[in-house]
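Subject: Structure handover

Hello,

Here is the structure you will be taking over. My notes on what was found in it follow below the display.

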Amino acid sequence: MNVLSQILAGSTSLALISVGILEIFFHGDQRFHRIFLIRPEDVRAVRMWAMNVGAYNITFGLGIAVGLWLVNFSGNPASGSAIVIFCCSCHVFLGFWLWVTEKRLLVSAIGQALFPALAIVFYVLFH
């Protein structure tokens with residue numbers, strides 16, 4: 001896996017873990033309601049979904065991190081590349097799906113899908 005793909009995937013990993021933490025621990029914080037499209041009166045109702053989506057994001061972020069570790073420090077970098085490409089592919093789809101389900105989150109959808117898509121593109125082009 002080339003360096004540019006690894007940088008993009010690593011950035012995706014950090015973003016997913018950061019957003020996951022926000023979703024789990026700060027979905028009720030009014031400073032983030034605009035980002036998550038949550039009204040103060042709906043915080044209790046969305047808690048379960050916010051907590052689970054946050055956990056998914058952290059899990060995928062950690063998956064990318066493990067994949068990158070395998071690429072660089074294991075005897076089988078192909079296994080790490082497979083994990084990274086799988087996780088990035090999932091987030092390309094999930095970014096698209098976010099936009100399909102909520103058009104107001106176009107910027108978030110692009111943010112979710114762009115770096116993983118570029119990581120895949122550069123992996124394919126320079127593999």
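Phe115 is partly exposed, because its relative accessibility is 37% and partly exposed is the class between buried (under 20% relative accessible area) and exposed (over 50%), with a 1.4 Å probe and protein chains only. Phe115 lies in helix α5; helices here are DSSP runs of H or I of at least four residues, strands are runs of E of at least two, and both are numbered from the N terminus.

This is a predicted model, in which local features need pLDDT of at least 70 and side-chain atom pairs count only at pLDDT 80 or more, while totals for chains, interfaces and linings use all residues. Residues are numbered from 1 along each chain as its sequence is written, and side-chain values use heavy atoms, with hydrogens and water left out.

Overall layout

The protein has 5 helices and 0 strands, in the order α-α-α-α-α along the sequence. Its C-alpha trace spans about 50 × 25 × 20 Å along the principal axes. Of the 127 residues, 36% are buried. The accessible surface is about 7,800 Å², and carbon and sulfur atoms hold 72% of that surface; accessible areas come from the Shrake-Rupley method with a 1.4 Å probe, and for residues only the protein chains shown count as cover. Among contacts (heavy atoms within 4.5 Å) with a separation of 6 or more, 65% are between residues 24 or more positions apart.

Phe115 and Leu8

Leu8 sits in helix α1 and is buried, because its relative accessibility is 9%. Leaving out residues up to four places away in sequence, Leu8 touches Phe115, Leu118, Ala119 and Phe122.

The nonpolar patch

Phe115 also belongs to a nonpolar surface patch, together with Phe93, Leu94, Phe96, Trp97, Trp99, Val100, Leu106, Ile110 and Leu114; the patch has about 890 Å² of accessible area in all. Patches are made of residues with over 30% relative accessible area and no salt bridge, where like charges are joined within 9 Å and nonpolar side chains (Val, Leu, Ile, Met, Phe, Trp, Tyr) within 5 Å. Helices α4 (77–101) and α5 (106–125) each supply at least two of the patch residues, and the largest share, 6 residues, comes from α4.

His27

Is His27 buried or exposed? His27 is buried, because its relative accessible area is 7%. His27 is placed in the loop between α1 (3–26) and α2 (33–36). A polar atom of the His27 side chain lies 2.9 Å from the backbone oxygen of Glu23, and the backbone oxygen of Ile24 lies 3.4 Å from a polar atom of that side chain. Not counting residues up to four places away in sequence, His27 touches Leu22, His33, Phe36, Ile38, Val43, Arg47, Ala50 and Met51.

Salt bridges

A salt bridge is a side-chain nitrogen of Lys or Arg within 4 Å of a carboxyl oxygen of Asp or Glu. The whole structure holds 4 salt bridges. In one of them Arg104 pairs with Glu102, with the closest N and O atoms 2.8 Å apart. Arg104 is exposed, at 62% relative accessible area, and Glu102 is partly exposed, at 24%. Elsewhere, salt bridges that share partners join Arg39, Glu41 and Asp42 into one network. Glu41 is exposed, with 58% relative accessibility, whereas Asp42 is partly exposed, with 24% relative accessible area.

Cysteines

A disulfide is a covalent bond between the sulfur atoms of two cysteines. Here a disulfide is taken as a pair of cysteine sulfur atoms within 2.5 Å, and by this rule there are 0 disulfides.

Regards

Definitions and conventions. Polar contact = N/O pair within 3.5 Å; in protein donor to acceptor, adjacent residues only side chain to side chain.
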